[in-house]
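Have it open next to you while you read.

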Amino acid sequence: MSERAHFEAFAFAGQQDTASFGLDNSALFPLALKPADTWNPTLEESVQSIKRLSESGELFERVRDHGGALLIRGLPIKTPQDYSDVAHAFGFSAYDEVGRPPLRTVLAKNVKTANEGPPELPIWPHNEYGWSTINPSWLTFSCLHVPESGGETPIISSIGLATALKQQAPEFVAKLLQKGVKYVYRYGLEDVKSNTGTSVIGAYGQHVKPGDNKETARKKIEQEVRRHSDRFTWHDDGSLSVTHIVPIMRKHNDTGLTTWFGNLTSAWGRSKYHGATEAPYRGDDGSYHPPPEYGDGTPIEKNYLDLALALAESLQVMVKWQEGDIVLLDNYAVMHSRAPWIGKRTVLAALWDDGRKRISDYPQNESWLSAAASLGGFTDARLGH
């Protein structure tokens, strides 16, 4: 039996057509595969089959054609180590996290809890580390325990969101191209049980030792921060704010299409949820949730923030977990979020690099008008000039 014959495609409720995202083909998003009826694989057989499909390049071609997302159902994944073995079969190297907002616990090689924030709190659509200059190329998730209710992982086409925004708010896209987006994250002294993050030490203190004095600890923390931002401020209470100014309308190199890559929608959703849309942006959970701004520090219009979040949520495909499921996402083409749940839910995450430059910026020496035009034929009038 060939490797391709080992798996067969299946459909599930809510899948979307990639043609609606602006791709030049029509396929179901995400690609969903399961072992063929004649194949009941062991864990090792699953690993070897995925490894061969990955090494041949066939698997990634199909994933690209299906919008950058893959669900494999029916593999005998029971433990974090099982998941690690299968996920490593895709052939990626581990991503080195810089500035780690969510609470995570390592359970196996390159496998961690997805996010240890409270189950009643949602997570809004985002690309992993979309706020940073250092981000993973691929993500995998796997479910070991399905909750009593809820707990789905919605996935959203970033390419589809960029396409929708170009159609509905071209002037907003033009501003984003011109200015980029500014994110500010503030880390306190203690871990906060929220979906936003850890303490200063949790985020940037991996090289701080118990015997280090305050000055030494700060130097080590600042060295880690500077790996992805030179903009940071220490506050009198010992907390640390780190600012990131990054583009959000990017070019997805594998398809040549414009993609939305960032955390604007999740940051805005969180600010609204916690009642932190006005200064000083401290929410009802005790954490700081400043809404994103344009890269020049001017406020992003709330109607645009609301539109981007509403469009992202309208594009969601709900992955309703079954035990042993594994999901592969192209982080540059697909956003993800999380629904609240009741009961025990164990979904594990792994972040990956593949050594290629898979996303790029529109040339900095072009005018923002030229960059906007390259997105799909904007005219001066449509851009508000």
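Predicted model: local features only at pLDDT ≥ 70, side-chain atom pairs only at ≥ 80, totals over all residues.

1. Ground rules first. Residues are numbered from 1 along each chain as its sequence is written, and side-chain values use heavy atoms, with hydrogens and water left out.

2. Aromatics. The structure holds 15 aromatic pairs; rings of Phe, Tyr and Trp (its six-membered ring) pair if their centres lie within 6.5 Å, and planes under 30 degrees apart are stacked, over 60 edge-to-face, the rest tilted. One of them is Phe10 with Phe12, a tilted pair at 6.4 Å centre to centre and 45° between the planes. Both residues, Phe10 and Phe12, are buried (under 20% relative accessible area; exposed is over 50%, partly exposed in between, with a 1.4 Å probe and protein chains only).

3. Phe60 and Phe92. Their ring centres are 5.6 Å apart with the planes at 55°, so this pair is tilted. Phe60 sits in helix 3 (residues 58–65) and Phe92 in the loop between helix 4 (80–88) and strand 6 (93–94), so the pair ties together parts 32 residues apart in sequence. Helices (H or I, at least four residues) and strands (E, at least two) are DSSP runs numbered from the N terminus. Phe60 is partly exposed at 21% relative accessible area, while Phe92 counts as buried at 10%. Phe60 and Phe92 also belong to one aromatic cluster with Phe90, Trp138 and Trp352.

4. Charges over rings (NZ of Lys or CZ of Arg within 6 Å of the ring centre and within 35 degrees of the ring normal). Arg218 has its charged end over the ring of Trp234, 4.0 Å from the centre. Arg345 lies over the face of Trp341, 4.8 Å from the ring centre.

5. Lys112. This residue is in strand 8 (residues 111–113). Its side chain makes a polar contact with the side chain of Glu97 at 2.6 Å (a pair of N or O atoms within 3.5 Å; within protein, one must be able to donate a hydrogen and the other to accept it, and residues adjacent in sequence count only if both atoms are side-chain atoms).

6. Helix packing. Helix 2 (residues 43–56) and helix 3 pack at about 75°, with axes 4 Å apart; axes are lines fitted to C-alpha atoms, for helices over the stretch in contact, and angles run from 0 to 180 degrees between N-to-C directions.
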